[in-house]
Amino acid sequence: MDELIALAAELRMFIIEATSQNPGHLGANLGVVELAIALHHTFNAPEDKIIWDVGHQAYAHKILTGRRDAFQTNRKYGGLSGFPLPSESEYDAFGVGHSSTSISAALGIATAARLKNESRQVIAVIGDGSLTGGMAFEALNHAGAAGANMLVVLNDNNMAIDPNVGALKEYLLDITTSGTYNRLKTNVWNRMRKHNRFLRFFQLIGRVLKSMLLKQGNLFESLGFRYFGPVDGHDIAYLTRVLEDLQHIQGPKLLHVVTVKGKGYKFAEKEQTRWHAPGKFNMETGELICMPSDKAQPPTYQEVFGQTLTELAAINDRIVGVTPAMPTGCSMAHLMHCYPDRFFDVGIAEQHAVTFSAGLAISGMTPFCNIYSTFLQRGYDQVIHDVALQKLPVVLCIDRAGLVGEDGATHHGAYDLAYLRPIPDIIISAPMDEKELRNLLFTAQAENRGTFVIRYPKGCGIHLEWKLPFEHIPVGKGRIMREGEDVGIVSIGTAGNNVTEACRQLEECGIQAAHYDMRFLKPMDEELLHTICRKHQRLITVEDGSVTGGLGSAVLEFANQHAYAVQVETLGIPDRFITHGSVCELQHECGYDAAGIVAKAKFETGITIDIDTGSGFCYGVVRAIRMAEDALQNSGGLYSLGDIVHNEQEVARLNRSGMSSLNHQQLQEIHDAKVLIRAHGEPPSTYHTAKLNRISLIDATCPVVLNLQQKVHKAYLRSLADGGQVVIYGKPRHAEVNGLVGQTNDTALVIASVEETGRIDFTRPVYLFAQTTMTIAGLNDVKQRIDDERKSRRCEDIPFEVNDTICRQVSNREHHLIEFADSHDVIVFVSGSKSSNGHALYEVCKKANPRSYLIAHTDDIAKEWFDSAQTIGICGATSTPRWLMEEVAGKLGKRMNGGTEKRRNG
């Protein structure tokens, strides 16, 4: 137990140090350190399933499950997700991001285990803030009636992001502060925990005691759960004992654990809201670190919203504010402070927030209901039936619209324009800057216009002077921002600022682009659209939202309805889930930053060239390059064990900074040096050599590869007991394959193709693994051939296990490439000649499109490949940098049509 206590202290300090430099969610994660350790100490994950609600509290879980070394990449582009993600680790039992889902998911997993006769523990960890979401109660109601064998751990810290509100908070507070009941409960549990047959009897007595001492019945037991607690969530010894006991109690159980948000870091304990996600900070002084700037910074859109709403409330006494647990995040705290009677925090309950606002509106009030775009998805039915259908004057303020950055796919506000546009009798607006946001807020409350939507992004605006006299904005009217003859660019919202910069760059190239800011998606300015379509033969639409169903779709529908012969190309969030990273990185990936707009607008005739948006370096390569750059910056000298990536230009760039490659023979000949292990990993012998020669290793092995090495080693130990055979499907002598084979003392059989499966001894158990950069299709072909061989040799009863730990980015790219290749006349696949992943993915392309060609350099291009082609797709391997594909596109365009091709991001 002393070791667990020491581990908790070490883990807490690691989280503080990591988040001080790489911002993330701090307070909630510090509060569950002991709980995470106790859960993993008690239960056998990943066989037992632990589901973390929301994920703001899952850092300790991630670090404990093999992702400590990669944690420096948390929430970074190409790095670890800030939330549990099953494709990232088998220990992440369910993907989460929105609150209140864990109990439903756990019930589904527990029910499936019962139907499949599987014996496993299922645990849902949910905060008291998330428990205010109605979905949590729906799940409790179902689970209690179903009698499911599952454990709900209620992490009670009396906080969401802001302090919790509502009757449930008071109920839990009553339980946790009843000293008489808690002392009696603890004494009884400690005395009877070893006598299971008496526990049920004392639990029945406990219900009577709770009713007497707490003056109320127990809510959770009324729903069919056996309630245990409250217990101190920071007493790891007692917490572990209770969890061990609960393993042996069947049926639905709820353990009430009391924790402190920010535990162990005095600044985070003192100001819990501020330290929920503080950004960079000095861990010694608690000082928040802001990026230095020589000039004043514009306010955030949130600050403009909060100050303007309070200003409007002073002149309109019918204005009220409603938010689901986000008063600080959306800056409605200004209104809360000045007009507390006209402010309502309803808890994490978006459906209720919308219909509550509808009730206020039908009674003559003017509610401003502020909900993050990603969370409004949960209140969609209420927007339609309770607000729009009744034409009620609710002002829906959609915060965090568009790409939000490091929170990733679960939090991007990608779909609000698309899902709101079909609703009748609704106004949908998006300001281009904070001045327009201020004036739209004024316009929305000026008279009863029905349901009025205002959507705006996270982050800073563009103006220092924004607090100007209010101006009325004509509803449904756009504006001409810039005249131009060569191409027309139509935008909505703050994506228009990217268009402004793109137009400036295009002008430098001699291209005159017109820019039109629609301001309203509904009703649209049809008079302006008629003018645009008559003037331009080619239009580009730009939006910080889904291209499926948003502004681009609306313009296409208008042009088709009125029979305009205009070419419309759409830029925005493509039809796929977008990962995490900075907003600039993600907008660039999606192709609607200024550079993407310029690339789209610059070429007007000839062949269309698409660059696959899913291409570029994989996470493992990005991480290895960053570690190399950090080492070079700190020391100036570094060896890489082989080339860090199969790209000559990238290797040359690092070599110019002081890195040089060496092979395994040379490794044995150097001493007292720094050596980087590449993302592919190494066998144990490499580490042994380094130790003997006093070599400092910088281990950039991809966490996915590390996880696979552990699995291969476990299979090897099993093979020693059952006479089995470990088989690796991969490229012989590849660094990753060498590392995997090394986990078996060089006894594993390596096969590179379907044809080589004949080398397998089918009379022995077979444990099949694949190199992480191979393709799912290739692995499935190998598996199918082995199955066929086993049947023909009557070996079906001999164990055969397959592990499909293919890199998530490789498998995603494989699926995407099939669609991409099929939708183009010709595919140019760019990859280094040594890349096994490149050759494997190229075969995927060639199968989907026979006119696919593999090149390593632009000099490899043959013009005859493109005879009669109208669309050319450019894509690459996980070791192909994005800039190289851009270079191929540029040179290809010049060869095809003398620089006059159309070019777009695919």
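Modeller: The side chain of Gln445 makes a polar contact with the side chain of Asn316, at 2.9 Å. A polar contact here is a pair of N or O atoms within 3.5 Å; within protein, one must be able to donate a hydrogen and the other to accept it, and residues adjacent in sequence count only if both atoms are side-chain atoms. This is a predicted model: local features need pLDDT of at least 70, side-chain atom pairs count only at pLDDT 80 or more, and totals for chains, interfaces and linings use all residues. Residues are numbered from 1 along each chain as its sequence is written, and side-chain values use heavy atoms, with hydrogens and water left out.

Gln445 also has a backbone partner. A polar atom of its side chain lies 2.8 Å from the backbone oxygen of Phe442.

What else does Gln445 touch, not counting residues up to four places away in sequence? Leu312, Asn316, Ile319, Thr366 and Phe368. Touching, or contact, means heavy atoms within 4.5 Å.

Is Gln445 buried or exposed? Buried, because its relative accessibility is 12%. The cut-offs are under 20% relative accessible area for buried, over 50% for exposed, and partly exposed in between (1.4 Å probe, protein chains only).

Now the helix. Gln445 sits in H19, which covers residues 434-446. Helices are DSSP runs (H or I, at least four residues), and strands are too (E, at least two); both are numbered from the N terminus.

H19 is largely enclosed by the rest of the structure, because ten of its 13 residues are buried. Gln445 is one of them.

The N-terminal end of H19 is capped by Asp433. A side-chain oxygen of Asp433 lies 3.1 Å from the backbone nitrogen of Lys435.

The expected span is 1.5 Å times one less than the number of residues.
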